[in-house]
Amino acid sequence: MSDLNTAMIEKYRSSFLKEVEANVEEGEWVKMCMQCGVCSGSCPLGKHWEHPPQEIFMMIRAGKRDDVLSSDSMWMCTSCYNCIARCPRGLPITHIMHGLAVYSKRLGLTPQKQPTAEFSQIFWDNLMKKGRVNELKLGLSMYFKDGFGQGIKNAMANQKLGQNMMKAKRMNAMEFFGGHSVKDLSGFQKMVKKAQEIEEGNIKDFK
Amino acid sequence: MTEVIATNETILVVGGGISGMTAALEAAETGKQVVLVEKRPYVGGRVTQLYKYFPKLCFPTCGLEINQRRAKMNPNLNIISMAEVTDIKGEAGNYTATVKISPRYVNENCTACGDCAKAVEAEFDDEYNYGLGKRKGAYLPHRMAHPQRYVLDPAIIGTDDAQKAKDACKVNAIDLDMQEEVIEFKAGAVIWATGWKPYDANKIQPYGYDRIANVITSVEFERMADPNGPTGGKLTRPSDGKEAKSVAFIQCAGSRDKNHLLHCSRICCMASLKQATYPADDVPITIYYIDIRAIDRFEDFYQKVKAQENVKFIKSKVASIVENKENGNPTLHGVDTEGYNRYADEHDLVVLAVGMEPSVDKASFPVEITINEEGFIEPAPENGGVFAAGCSSDALDVNRAVQHATGAAMRAIQVVNRVAATEG
C-alpha cells in the first residue's frame with residue numbers, strides 16, 4: 001500500500017479502535033470483522049447479550065467507548081468457542097470478549113453486581129491466597145456474596161450436593177482451615193506481581 | 001484402437017466444457033490441429049446443466065448448439081470423450097501426453113434411437129441431474145449430448161442387462177468387448193480447461209445439507225427449474241414433493257470463509273439473483289447475504305430483482321439451520337446486520353449458493369504447473385506451453401470464461417507457430 005493509503009486508513013481509524021488495538025488482548029483483530037453476523041447467530045447465550053459480538057465490533061469502530069466498556073455483553077461469554085469455529089475471517093472472538101472484559105474491569109467501568117465479574121473477582125482473590133483454588137472456600141464465598149441470610153439459604157439449598165461431593169472425596173471440609181498451597185507461595189506471589197507490573201507498563205494512555 | 005494423429009504443432013485441450021470447447025474451436029478455426037480430451041461422454045460440461053444464463057435469462061442450449069455445430073463441421077478438431085489425461089511430459093513445443101480412454105461400449109453406428117435404454121432395467125443416480133433423478137444403465141447423458149451417442153454404464157457389463165441392450169440394438173452399435181485404452185500422442189501446447197465443481201455442501205456442517213432434506217444446493221435448484229429436468233420444472237421439496245411456497249437463498253455457502261474456500265466465487269450472487277426469477281411471482285423469496293457482489297456490469301440486474309415485490313434481502317450470514325420435524329421446514333437462525341435483530345425464519349426450501357472449487361485438486365495435476373492458494377492455475381512463465389482457460393484459472397462466469405479461453409487459445413497458437421517456424 002502506498003504511504004498515502006496508509007495515512008488515510010490511519011486518519012479514519014477511530015481513537016477508540018486504536019485504544020482497543022493497543023490495550024485489549026487480540027484487539028488488533030477488530031478491524032478484520034466483515035459484519036456477517038455468524039458469531040452473533042451462533043452464540044448459545046446470544047439472546048442475553050445487549051450487544052452481540054458483531055455489534056460490539058461495529059461500536060468499537062464507531063468510537064462508542066463508554067457504551068462498549070460499560071456494557072455487560074462481553075461478560076456473557078462462556079467460552080464455548082462456537083463463534084471462533086464459525087467465523088469466516090478467523091477472528092478470535094472469545095479472546096477479544098475476554099480482553100474487553102478485562103480492560104473494562106481495569107478501568108473500573110464494569111457494571112455493578114455483574115455476576116460473571118463478581119465470580120471472577122472471587123475466583124482471583126481465592127487463587128491469590130495460596131496459589132491454588134480452594135474449592136470449599138470458593139463455594140462458600142459465592143454462597144455468601146449477597147449477605148449472610150442469603151448465604152445460609154444458598155447453603156441449605158445445596159446441602160445434599162455438598163455432602164455428596166464430600167462422600168466422593170471431591171471436596172474436603174478440612175480445607176476450611178488454611179487449605180493447601182503451592183510449594184513456594186511467596187515466589188508465586190512475586191511472579192504474579194511482576195506479571196502485573198509488566199502488563200501495567202504495556203497499557204497505553206488514551207485519555 | 002483410437003487413432004490420434006498429432007505432431008508438435010498440435011494443440012491439446014484438456015477439458016471440453018464451455019472454456020475448453022471455445023479454446024479448441026477458436027484454435028481449430030485458425031487452421032491449427034486440435035485434440036480435445038473430455039472426461040464426460042459429451043462436451044459442454046456444466047453449462048449443459050444450466051437452465052438459464054444471467055443476465056439475459058436466455059437458454060445455454062442456444063450457444064451450445066452453435067458450438068456443437070462448429071465442432072461437427074471442423075476437420076481440424078478431434079474430440080475424444082470419456083477420456084482423461086494421466087500424464088504430460090516434455091516442454092513447450094514438444095509435449096507427450098498420455099490419455100486413458102474408458103470404454104463407452106457403444107460405437108459410432110449408434111443412431112440414438114433409445115431402444116437399448118428401453119431394454120435395460122438397472123437404474124442409477126443421474127449425475128447430469130446431480131443425483132436428483134434416475135437414469136438407465138444404457139443412457140443418453142442429456143438430450144443435446146454431443147456426440148449424440150448412448151453410453152453403457154460399466155456396472156451393467158457382465159450382467160443380463162448388457163446382453164439385453166445388445167440384443168435390442170438394430171444397428172449393431174453395442175460392443176461389449178470394448179476395453180480401456182491408453183494412448184500417447186504429441187502436442188506443442190496444452191490448454192488446461194478442467195473447470196470447476198460445486199463446493200461440497202456436506203462440509204458446511206451448521207447448514208445441515210447432509211441431514212435436512214429441504215436444504216439443497218444452487219446447482220440442484222437449477223436442474224429443478226429446467227422443464228426437462230428431474231422435476232419437470234417444478235420447484236418441489238425433496239421431503240414431500242410439494243411445491244415450495246417460500247424459498248430462501250443463502251449466499252457465500254462455502255465461499256469467503258477461512259474454514260472452506262478462501263476466495264469469493266463471484267458467480268453465486270448473480271446465480272441466486274437469476275434463480276430468484278424462477279419461482280412464480282407469489283412465492284416469497286428471501287436472500288441472506290453478507291454483501292451482494294453483482295460483479296462488473298450486472299448492478300442493473302440486481303436492481304431489477306430487488307424491485308420484485310416477492311423478493312426480500314436480509315443482510316446476514318445465516319449461523320445455522322435446524323429442521324422443523326413436524327413439517328420438514330428448515331428454520332434459519334441468525335442475527336441481521338441492519339439492526340442486529342435475532343431471527344428464526346422458516347422456509348419451505350433453502351438453497352445454498354455453493355462456491356466454485358477447481359475440479360482438479362492440487363496434488364492430482366499430471367503436469368508441472370503453478371497453483372495458487374485457492375487451487376487455481378497461476379499464469380506463470382514456469383508453466384511453459386501449458387495455459388489455463390476458464391475456471392481452472394479462477395472463479396469465472398460463462399462470459400468471462402469464454403473470453404479467457406479465447407486468450408488461452410491465442411497463447412497456444414503462438415507456441416505452435418514458433419514450432420512451425422523452426423521446423424520450417
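## Basis of the model

This is a predicted model, in which local features need pLDDT of at least 70, side-chain atom pairs count only at pLDDT 80 or more, and totals for chains, interfaces and linings use all residues. Residues are numbered from 1 along each chain as its sequence is written, while chains are lettered from A and ligands numbered from 1 in the order in which they are written.

## Chain A

Chain A contains twelve helices and zero strands; helices (H or I, at least four residues) and strands (E, at least two) are DSSP runs, numbered from the N terminus. The order of elements from the N terminus is α-α-α-α-α-α-α-α-α-α-α-α. Along the principal axes, the C-alpha atoms of chain A fill a box of roughly 70 × 40 × 30 Å.

Chain A has 207 residues, of which 26% count as buried. A residue is buried if 20 or more other C-beta atoms lie within 10 Å of its own, exposed if 12 or fewer, and partly exposed in between, with C-beta atoms placed from the backbone. Among contacts in chain A between residues at least 6 apart in sequence, 61% join residues at least 24 apart; a contact requires C-beta atoms, placed from the backbone, to lie within 7 Å.

## Domains of chain B

Chain B is divided into domain 1 (10–102 + 180–195 + 359–423), domain 2 (115–168) and domain 3 (199–356), with bounds that come from an automatic or database domain assignment. The centres of domain 1 and domain 2 of chain B, taken over C-alpha atoms, are separated by 27 Å. Twelve residues from domain 1 of chain B and eight residues from domain 2 of chain B take part in the contact.

The side of domain 1 of chain B that touches domain 2 of chain B has five nonpolar, six polar and one charged residues. In this classification, Ala, Val, Leu, Ile, Met, Phe, Trp, Tyr, Cys and Pro count as nonpolar, Asp, Glu, Lys and Arg as charged, and the others, Gly among them, as polar.

## Helix α1 of chain B

Helix α1 (residues 18–29) of chain B has twelve residues and reaches 16 Å from its first C-alpha to its last, close to the 16 Å expected at 1.5 Å a residue. The expected span is 1.5 Å times one less than the number of residues. After α1(B) comes G31(B), with a positive phi near 105°.

Eleven of the twelve residues of α1(B) are buried, so the helix is largely enclosed by the rest of the structure. Among them are M21(B), L25(B) and E26(B). The cover over the buried residues of α1(B) includes β1 (10–14), β2 (33–37), α2 (60–73), β3 (77–80), β11 (189–192) and α8 (398–423) of chain B.

## A three-strand sheet in chain B

An open sheet of three strands in chain B has the order β17-β18-β19, with antiparallel pairing; two strands pair if DSSP finds at least two bridges between them. Its edge strands, β17 (320–323) and β19 (342–346) of chain B, each pair on one side only.

Four bridges join β17(B) to β18(B), and I321(B) stands opposite L332(B) in β18(B). The hairpin of these two strands has six residues between the strands, and G328(B) there takes a positive phi near 75°. β18(B) and β19(B) pair over five bridges, with R342(B) in β19(B) as the bridge partner of V335(B).

## Contact between the chains

In the model, 18 residues of chain B are in contact with 17 residues of chain A. Strand β18 (residues 330–335) of chain B gives the most to the side of chain B that touches chain A, with three residues. By class, that side of chain B has six nonpolar, six polar and six charged residues.

Methods: Contact = placed C-beta atoms within 7 Å.
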